[in-house]
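Here is a friendly tour of one protein and its ligand. Have a look at the model first, then read on.

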Amino acid sequence: MIASKKIVLLGHFGVGKSSLIRRFVKNEFSDDYKVTIGVHISKKEIQLSDSESIALIIWDLEGQDDIHKTRASYLLGTSGFIYVFDLTRPETFKNLKTELRFIKENFPNIPIKVVGNKMDLVTKVYLKQFSVIFDQFVDYFVSAKSGSRVELLFSKLAKALI
Ligand code: GDP
């Protein structure tokens, strides 16, 4: 039997949550910006080893600039989180530490990966400086556009769920 786990992507409007899911599930990217209304759910099965697979049920929530406003009912039964911010828009990571504290306090022991998306739009020097400040809070820099580290992100989270 394949284990099925719910994961939820969190983060402000326009940071690339839907794009990361689309890249991971369909290996596609589009420059169009379609606002997610309510919730959109996708599913993808991944093979973790010769004997282990997992089905990820991926919830894409309507973006919230304040995590406290996220509907609690959407978060019920979540096994893992991906918190996404946009490396090009400081307002999407200026409250990163408080938002993460809020998630960890309310969902203790639930794995969470924190990613800075749109790395294709910033320089290596910028990423280096960013790492110095946010090192302990950020797991990966990713790009839904180029696909960089997207597979790695979802598979690392999936491994943390079993
Ligand atoms: P969401 O509101 O968090 O779901 O954000 P979307 O996935 O809808 O993305 C918002 C906008 O950012 C869209 O125009 C996307 O095409 C663009 N976008 C998303 N990810 C990337 C990325 O990695 N690089 C670039 N250059 N643009 C991106």
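## A pair of strands

A hairpin of five residues links β2 to β3. The two strands, β2 (residues 39-47) and β3 (residues 53-61), run antiparallel and are joined by nine bridges; strands count as paired when DSSP finds at least two bridges between them. Ser 42 has Ile 58 in β3 as its bridge partner. Strands here are DSSP runs (E, at least two residues), and helices are runs of H or I with at least four residues, numbered from the N terminus.

This is a predicted model, in which local features need pLDDT of at least 70 and side-chain atom pairs pLDDT 80 or more, while totals for chains, interfaces and linings use all residues. Residues are numbered from 1 along each chain as its sequence is written, and side-chain values use heavy atoms, without hydrogens and water.

## Around the ligand

Which residues come nearest to the ligand? Of the 20 around it, they are Gly 14, Ser 18, Ser 19, Ser 30 and Asp 120, where near means a heavy atom within 4 Å. Helix α1 (residues 17-26) gives the largest share of this shell, three residues.

## Polar contacts

Polar contacts are pairs of N or O atoms within 3.5 Å. The side chain of Lys 17 has an N or O atom 2.8 Å from a ligand oxygen, and a polar side-chain atom of Lys 118 is 3.1 Å from an oxygen atom of the ligand. Asp 120 instead faces a ligand nitrogen, with a side-chain N or O atom at 2.7 Å.

Methods:
A polar contact is a pair of N or O atoms within 3.5 Å; within protein, one must be able to donate a hydrogen and the other to accept it, and residues adjacent in sequence count only if both atoms are side-chain atoms.
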